[in-house]
Amino acid sequence: MWLFSRDSFKDFPYEVVDKSDHNVRHVYEDSTWCLTEGKKKNNGERVSIFIFDGKSSDDTEFELAKTAVKRLKTLRHPSILQYIDSCETGKTLYLVTEYVQKLNDRLALIENEKQERNDLYIAWGIFQITRALSFLNNDGKLRHNNVNSLSVFVNQAGEWKLGGVEYMAGASEGSGLPVKILRSLEKYDPPEKGDSTRQRLITDWSTDMWGLGCLIWEVFNGPLIQPRSLKSNNKIPTSLKQVYTELMNDNPNQRPNPADIITRCCKVNGYFKNELIDTLMFLEEIQIKDSSEKNKFFNSLPPILENFHDNICKYKILPHLITAFEYGDAGAAVLTPIVQLGKTLDEAEYQKRIVPCVVKMFSSMDRATRSKLLQQLDNFVGHLPASIINDQIFPQFANGFLDTNVTIREQTVKSIALLAPKLNYNNLNGEVMRHFARLQSKDEHGGIRTNTIVCLGKIAQHIHPQVRQKVLISACIRAMTDVFPPARTAGIMALAASQQYFLLNEIARKILPALCQLTVDPDKSVRDNAFRTIKGFLGKLEKFSEDPSLQESMEADVHTAAPSLSNAAATWAGWAVSAVSSKFYRSQSDTTKSVIVHPSKNLHKPGSLEHQSSSSMSTTTSSVTSLEEASKGNESFSDYDDSWDTQNWGEIDASGDQPSKFHVHSMSGKSTEWGLMDEKLTVEEEEDDENSMTDANNKQNHDKSHFSYLSNNQENSSSHQNSLSNWDDANWSVIDDVGPGSEPVIEPSEKKRPERRQRQKDQEVKRGPRQGPMKLCVKKPVPDLL
């Protein structure tokens, strides 16, 4: 025979995996066809091998088996058993197909599944067999003549495949029904087989439609024992009973065409109208769908995937989605269902099928795709090898720090917390720190600056100890001088959550002085967190003072390469650890642009942060606005400005050079490096005489603001000491508390205020007005005080 060209099974590229009796299943009860598991020799691909042993059968049955193999080889349809290879050795036939199992075995396995899942799945299976029969009867002009549960097989994807083609014949070969050799198949014969009158009414599909009715009955009732049981339709679904009744019609020409059954059952409320069939049919036709239809489909897919069997999702839906991404225009919408279905794969399959898609997506310049990737990162980052992250993903990922879209920048910052454990030294301690420094100092969005410091607190344990010593304190102190209240809060909590990484000397000389300034912050939540953190650090120093031998244990994690946050969580800073490690600040699309003050604009806090009275808030706004207008330069920073990384990164001490009201500093014009803080934060010792007098006057105008008074009185005392030496200290009185309903007590010194102001004006008059700018090498005239 030309079909079986091999003379020996040893040259056959497939082999049987297990020849034991428990692994060999007879296709029919008294058939010599056996189904067993096999594999391809060169790559181990899993297949099914049908074996026909002709030694125990007559020549007629052997010829029928060879005809079936030949027929199956010529049929190609998604719902017909897929032929792969075949071999004949003597009286034995080997038929290799895709890996399948018998339908009855599959139905037994899903009995414990949810009934909703099973209903969808069975409808999909019956639809596939009906579609296969429509192809054979209408397109191929063939009659199967053997449709029942024994001729249906199920592959790995849960698809029902029509096999058992031993009795297939052409529709033009006559209206008679074939004589079946196996007695176990006679119960599936239609009633017209013994009636010559009815046989003249047989159509191209009537015999197979009777078999389809037998299949439907067996799916819901179990194996058919005797033909008269087919009259009972109690277990048939209501939406399918009408079709079943028509299929079981005794008159052959009254049985419906399979194409008509599909059309009727796919209508609204039809048996084939469900979300599983709609999903799988859309995927099969996805190449002819437009972009809007694809996006709508992919966005609606994730919620319904839980209603499908796992093998359908894993081997049917997922391959379609990957193909749609690689060769179509599926876009970012396909990522969510791909990542969701990737959870059903084992690690080897994930690396082979999902990881290449993720790497390809990171190279996309489409913002929607990048945004989806960053949002879904926590779902697949655990499966990404460190080498792939550092070599292939991070170079593309880092572009997000420079993106002009604020959402991409913010999501990129948040995603670092997930990637940090797998980043190498250069990427984490070099590139990430460089981008963080730039974002904290130059980014105009308060939410991004806040999340930068939150992320830094999250990844502190992964940063190299030497880099951590240089970066952590400087970054947190800079955050505590931010104009955005949540950023100041984040700086405080980051210090508390990472307290085990600080030397005691650093706590006393750098951290506590910076925290003390926030005890008079205009925001209540900032003050509360500052006081709590100060108490914690003071308690730590007190323990050290009582027992200096504890220093080594307290500083044990400072130089540790991979410390754990568990120790910190058990200490006073546990509240901060949970806060920093839980969630990022929600910037609400960073509508807080108004926090970055521009000339001639007022500063407004978000509604959720308004804890102060209106009078206090107005004072705060005016103070910060005046500060920003005075300190804001003409320089503007672009997201793609590369000059910042070539600057001489100074130390954070520069932030303490100009103390401001409420400790709020402008973010522009500052150094972009989180440098060492080896020198103490100091203020200028001397100022221009006239500028000092002007600051003093401004200070008087803000005496009514309690926080402004405290802040300026404490911070500017040293810088204004010389300029205020001419002022009579006795003229400053103590402001006593005034109780409700009582008259304020006016000190005698208050009566002298007009005289004092007059003296000040007289001094200014004697100095004389300026006559233009001072010229070099010209002596300034001294007013005659006499």
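How many disulfides does a search of the whole structure find? The count is 0. Keep in mind that this is a predicted model. Here's a quick tour of the cysteines, some strand pairing, and the aromatic contacts.

**Cysteines**
- Cys357 counts as buried, because its relative accessibility is 2%.
- Cys476 is buried too, at 0% relative accessibility.

- Strand 3 (residues 33–40) and strand 4 (residues 46–53) run antiparallel, joined by 7 bridges.
- Trp33 has Phe52 in strand 4 as its bridge partner.
- These two strands make a hairpin with 5 residues between them, and Gly44 in the turn has a positive phi of about 75°.
- Strand 4 also pairs with strand 6 (residues 92–98), again antiparallel, over 7 bridges; here Val47 stands opposite Glu98.

**Aromatic pairs**
- The whole structure has 13 aromatic pairs.
- One of them is Phe50 with Phe153, an edge-to-face pair at 5.4 Å centre to centre with 85° between the planes.
- Phe50 sits in strand 4 and Phe153 in strand 9 (residues 152–155), so this pair ties together parts that are 103 residues apart in sequence.
- Phe50 is buried at 5% relative accessibility, and Phe153 is buried at 2%.
- Trp124 and Phe127 have ring centres 5.8 Å apart and planes at 20°, so they count as stacked.
- Both residues, Trp124 and Phe127, are buried, and they lie 3 residues apart in helix 3 (residues 115–139), about one helical turn.
- Ring pairs link Trp124 and Phe127 with Tyr271 and Phe272 in a cluster.

**Charges over rings**
- Arg46 lies over the face of Tyr99, 3.9 Å from the ring centre.
- Lys91 has its charged end over the ring of Phe62, 5.0 Å from the centre.

How values were computed: Residues numbered from 1 in each chain as written. Predicted model: local features only at pLDDT ≥ 70, side-chain atom pairs only at ≥ 80, totals over all residues. Heavy atoms only, no water. Disulfide = S-S within 2.5 Å. Buried < 20%, exposed > 50% of the residue type's maximum accessible area, 1.4 Å probe, protein only. Pairing = 2+ DSSP bridges. Helix = DSSP H or I, 4+ residues; strand = E, 2+ residues; numbered from the N terminus. Phe/Tyr/Trp six-rings, centres within 6.5 Å; stacked < 30°, edge-to-face > 60°. Lys NZ or Arg CZ within 6 Å of the ring centre and 35° of its normal.
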